[in-house]
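Trainee: Please take a close look at the sheet. Which strands form it, and what packs on it?

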Amino acid sequence: MLSISDIHVSYDGSRILRGVTLDVPERSLVCLMGRNGVGKTTTLKSIIGLVKNDSGVVKLAGDDLGSLLPDERARRGIGYVPQGRDIFPHLTVWENLKLSLVIHGAKTNGQVDRVLDLFPILKEFLQRKGGLLSGGQQQQLAIARALLTNPKVLLLDEPTEGIQPNIIDQISETLLKIKKEGTLSILLVEQYLDFCLSVGDSFYIMDRGAIVASGPVAHLNNDLVKQHLTV
Ligand SMILES: Nc1ncnc2c1ncn2[C@@H]1O[C@H](COP(=O)(O)OP(=O)(O)O)[C@@H](O)[C@H]1O
Ligand SMILES: [Mg+2]
């Protein structure tokens, strides 16, 4: 569904990504793992078009997205939930959702109901200001907002960061539900190993701007974790 090959990205002349290649097959959930600063967020930004690639190819369902701006890539079917969530704190939950539909010029077509069914807590808090939600609820709002536009691929950047364990479980349950619906492929950036093990199908591990290991999540072993994930 999504494939990127040999992506190189630099910031101010220094190389951040050095030939990143990865595939997100249809209907699968792929975890992109690695320590802080290795280039995970930059990889997602290069897929959605928020950073310029020095070279490399980004393809969605076989189409080269290289010449498209971020909003055009979003319209082609890439949903993006940035690290740190980035919801509008002064707008209500409902306004946050509504705004996403307006920005993307999307028709609702029952999407709102479907998405609210996935996140019952949001349904309860539709009139509450985004900024008054807990971190976990804001994360759910950010994911819901991305799902509203009915993407083919969802890019999620560290959804568990700074979130309480019981809410992490809710988020993993939601991802498993979305997976079961079978309409979406997900690329999940995640440092929390247990979360990857519970929701992921396959993994890639990055180190210093390159992919250093990959495989089905069942192959994530102690050696790999020690070598590339723990500090
Ligand atoms: N806007 C930027 N300008 C300059 N350097 C950046 C910028 N964003 C990230 N970097 C650097 O790029 C590297 C990779 O960052 P990032 O992709 O955010 O890593 P990760 O998400 O794996 O923690 C880091 O060394 C970081 O300091
Ligand atoms: Mg990051």
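Mentor: Six strands form an open sheet, in the order 6-7-8-3-9-10, with mixed pairing. Strands pair if DSSP finds at least two bridges between them. Strands (E, at least two residues) and helices (H or I, at least four) are DSSP runs, numbered from the N terminus. From one strand to the next, the twist averages 15 degrees. Angles run from 0 to 180 degrees between N-to-C directions, with axes fitted to C-alpha atoms, for helices over the stretch in contact.

This is a predicted model: local features need pLDDT of at least 70, side-chain atom pairs count only at pLDDT 80 or more, and totals for chains, interfaces and linings use all residues. Residues are numbered from 1 along each chain as its sequence is written, while chains are lettered from A and ligands numbered from 1 in the order written.

Now strand 3 (residues 29–33). Four bridges join it to strand 9 (residues 202–207), and the two run parallel. C31 has F203 of strand 9 as its bridge partner.

Helix 1 packs on the sheet, touching strands 3, 6, 7 (153–157), 8 (185–189) and 9. Its direction makes about 150 degrees with that of strand 7. Contact means C-beta atoms, placed from the backbone, within 7 Å.

Helix 6 also packs on the sheet, touching strand 6 and strand 7. The direction of helix 6 makes about 165 degrees with that of strand 6. Of its 14 residues, 13 are buried, with 20 or more other C-beta atoms within 10 Å of their own.

How values were computed
Buried ≥ 20, exposed ≤ 12 C-beta atoms within 10 Å, placed from the backbone. Contact = placed C-beta atoms within 7 Å.
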